[in-house]
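Hi,

Here is the structure I promised to pass on.

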Amino acid sequence: MTGLLEGKVAFITGAARGQGRSHAVRMAEEGADVIAVDLCAQIGTVPYGMATPEDLAETVRQVEALDRRIVASTVDVRDSAGLQSALDDGVAQLGGLDVVSANAGVFSTARFEDLTDDQWDDMIGVNLTGVFRTARAAVPHLKANPDGGAMVLTSSTAGVKGIPNAAHYVAAKHGVVGLMKTLANELAPHRIRVNSLHPTTVDTDMIQNPAMYGLFRPDLGTSATREDAEAGFRTTNKLDVPWVESIDISNALVWLCSDLARYVTGVQLPVDAGNLVK
Amino acid sequence: MGKLEGKVAFITGAARGQGRSHALRLAQEGADIIAVDLCEQVGTIDYPMSTQEDLDETVRQVEALDRRIHAVKVDVRDQAAMKAAYAAGVAELGPVDIVLGNAGIAPLGSAEPDPERTFDEVVAINLKGVWNTVWVAAQDMIDRGQGGAIVLTSSTQGLTGRGSDGSAAAIGYAAAKHGVVGLMRSFANWLGPYGIRVNTVHPTGVHTPMVENEVIGRYVEENADAAAMVANLMPIDLIDAVDISNAVLYLVSDDGRYVSGVTLPVDAGFTAR
C-alpha cells in the first residue's frame with residue numbers, strides 16, 4: 001500500500017523524543033524522508049531533563065529501521081543561521097521539502113508575579129521565536145516546490161485559552177496561532193497550507209515530570225508522582241482520559257500534511273479529548 | 001483492513017452530494033450504512049432536490065463495495081419517522097457506531113414570497129433535523145457503552161456571516177449552521193463522558209447538486225454580496241465532496257480518537273482570511 005506521504009521530505013524540529021520523534025516515525029511509516037533537528041541540551045529555566053544526543057540518535061535509528069532516510073542535526077531553533085544551514089543541508093541531501101512540523105517546545109511554570117526575565121525570554125525564544133525561525137527558514141524551500149506544501153505549527157490548548165501559572169507559555173502558544181493565520185494568508189496563493197495543532201496534555205517527558213505533577217498537586221509539591229497527578233489531569237478533559245498519546249498528535253499531523261486535507265488551511269485543530277469544549 | 005471494519009454508520013441526506021460521498025467513503029473503509037434522505041422537493045427551494053432514484057444509486061454503489069446498506073425515505077424534520085427509520089436500520093445492520101448529520105438545504109437564490117416560511121424551513125431542516133438525527137440515536141449509543149463518533153455538517157456560514165444580503169435565506173442558513181455548532185458543543189459535553197465524540201465540519205462551496213445548479217449559480221452571478229460567500233484563500237472555487245468525506249473519516253476513525261468538540265473547517269482557507 002502506498003503511504004500517504006510517499007516521496008515527501010519532512011522537516012521536524014524537536015525530533016529527538018516525545019511528539020517530535022513520534023512525528024518522525026509516523027511520517028516515515030507513510031513514506032516520508034526526514035530532516036530532524038533538536039537542541040539536545042539543557043536550557044537553564046526548564047525544570048526537567050531535556051533531550052540528549054542519544055535521544056536524537058534513537059530517532060535516527062527508528063526512522064532508518066523503516067527504510068527511510070533521515071538527516072539529523074543538533075541545532076537550537078533560536079539560532080537562525082544554524083537552523084537555516086541544517087535545513088538547507090537536509091534539503092540538498094534529500095532533494096526538496098514538502099512538509100514542516102514546527103514542534104520544538106519547552107514548558108516551565110511560575111506564578112505570574114514570580115516569572116523571571118530568563119523564564120520569559122527562554123520560553124518566548126524557543127516556543128514562539130523558534131517557530132518563526134523554523135517557518136522562515138522553510139518558506140523559500142516550500143515556495144520552490146511546484147506542488148506547494150504543508151506546514152503545521154504545534155500550539156496547545158493553551159494557545160486558545162488561558163491556564164494559570166504559565167503566562168509565558170500561554171503567550172507563546174497564542175502567538176503561534178498568530179503566525180499560523182498570517183502564514184496561511186500569505187502562502188495560500190502558493191498552495192502552501194498552514195495549520196496549527198492544539199494538543200491537551202500529551203504523555204511525554206515535557207509533562208511527565210515532578211514540576212508538572214506539583215501543579216496539579218500543590219499539596220505535595222515536587223514530591224508528587226504520576227499517579228498523584230493523574231486524577232487532576234483527567235479533570236481537564238471531557239473524554240475520560242488524563243492525557244493523550246504522541247501518536248494521536250502524529251495522526252492529526254499526517255492527516256493535515258497529506259492530500260486527504262488538501263483544502264484545509266488556516267485551521268486550529270485541537271486534539272484535546274474535549275478539553276476546550278468543556 | 002479498513003479503518004471502520006465492522007462499524008455501522010447512520011447518515012442523513014445520503015441520496016447524493018456529500019451524503020452519498022460519505023456513505024461510499026465509509027463503506028470503502030468497511031462500514032455498513034443506514035442511509036436516509038427526503039427524496040422530495042420542499043416548498044422554499046427552487047433547485048431540484050434529491051429523488052428516490054438518487055437514493056437507489058447510493059444503495060447500488062455501497063453494495064458494489066460489498067457492504068450492506070439499509071436505505072429509508074424519511075424527512076429529518078419528523079422525529080417519529082426518523083426514530084422508526086433508525087430502528088429499522090439497526091434491526092437489519094446492528095447497533096450504530098457513527099452518526100453523520102449531513103442533510104441540509106440552501107435556499108439562497110430561491111424565490112422568497114414569504115420570508116418567514118423560508119426562514120422556518122431552513123431552520124427546521126438544517127438545525128432541528130440535526131437535533132432529531134442525534135436524538136434518535138444517542139440514548140442507544142450511551143446504553144451500549146461502546147462509545148462512538150458523531151459528525152455534524154455545518155458550513156463556513158456556521159462560523160461567519162460573510163456575504164449576507166439580508167434575505168431570509170442567507171440569514172436563516174447562517175443562523176441554522178451556527179446553531180449546529182451549538183448543538184455540537186452541547187452534545188460533546190453531554191456525550192463525552194460516555195466516550196462518544198462529537199465534532200462539526202465546515203465546508204466551503206462543494207461540487208454538489210445543492211451548489212452547482214442554475215438557482216445558486218444565478219444568485220452568485222447577480223448578487224455582489226454573495227460572491228464573498230465563495231471567495232476562498234486558496235486558488236480554488238469549489239472543492240470536492242470527497243474532501244469533506246476524508247475529514248469526516250479522520251474524525252470518526254481511531255485516528256481521531258481524542259478529537260471532540262472541534263469545529264473543523266474544510267474550506268480552502270475561507271474562514272482564515
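Is B:Cys39 buried or exposed? B:Cys39 counts as buried, because it has 20 C-beta neighbours inside 10 Å. (Buried means 20 or more other C-beta atoms within 10 Å of a residue's own, exposed means 12 or fewer, partly exposed is in between, and C-beta atoms are placed from the backbone.)

Before the rest, some housekeeping. This is a predicted model, so local features need pLDDT of at least 70 and side-chain atom pairs count only at pLDDT 80 or more, while totals for chains, interfaces and linings use all residues. Residues are numbered from 1 along each chain as its sequence is written, and chains are lettered from A and ligands numbered from 1 in the order in which they are written.

Back to the cysteines. B:Cys39 is in the loop between β2 (32-37) and α2 (52-64) of chain B, and has a positive phi of about 55 degrees although it is not a glycine. (Helices, H or I of at least four residues, and strands, E of at least two, are DSSP runs numbered from the N terminus.) In chain A, look at A:Cys40: it lies in the loop between β2 (33-38) and α2 (53-64), and its phi is positive too, near 50 degrees. A:Cys40 has 20 C-beta neighbours inside 10 Å and so counts as buried.

B:Ala35 touches B:Ile11, B:Leu55 and B:Ile69, among others, leaving aside residues up to four places away in sequence. (Contact means C-beta atoms, placed from the backbone, within 7 Å.)

On to helix packing in chain A. Helix α4 (residues 117-143) and helix α5 (residues 167-187) pack at about 15 degrees, with their axes 9 Å apart. (Axes are lines fitted to C-alpha atoms, for helices over the stretch in contact, and angles run from 0 to 180 degrees between N-to-C directions.) α4(A) and α5(A) are therefore roughly parallel, a label for angles under 35 degrees. Their crossing is right-handed, which means that the near helix is turned clockwise from the far one by less than a right angle. The residues of this contact divide into twelve nonpolar, four polar and one charged. (Ala, Val, Leu, Ile, Met, Phe, Trp, Tyr, Cys and Pro count as nonpolar, Asp, Glu, Lys and Arg as charged, and the others, Gly among them, as polar.)

Helix α3 (residues 80-94) of chain A also meets α4(A): the axes come within 9 Å and cross at roughly 35 degrees, again right-handed. By class, that contact has five nonpolar, four polar and one charged residues.

Between the chains, the contact takes 29 residues from chain A and 29 residues from chain B. The side of chain A that touches chain B has 17 nonpolar, five polar and seven charged residues.

Last, B:His202 in strand β6 (residues 196-203) of chain B. B:His202 is buried, with 25 other C-beta atoms within 10 Å. B:His202 and B:Pro265 are 63 residues apart in sequence but 4.3 Å apart in space, C-alpha to C-alpha.

Cheers

Key
Two residues are in contact if their C-beta atoms, placed from the backbone, lie within 7 Å. Angles under 35 degrees count as roughly parallel, over 145 as roughly antiparallel, 65 to 115 as roughly perpendicular and the rest as oblique.
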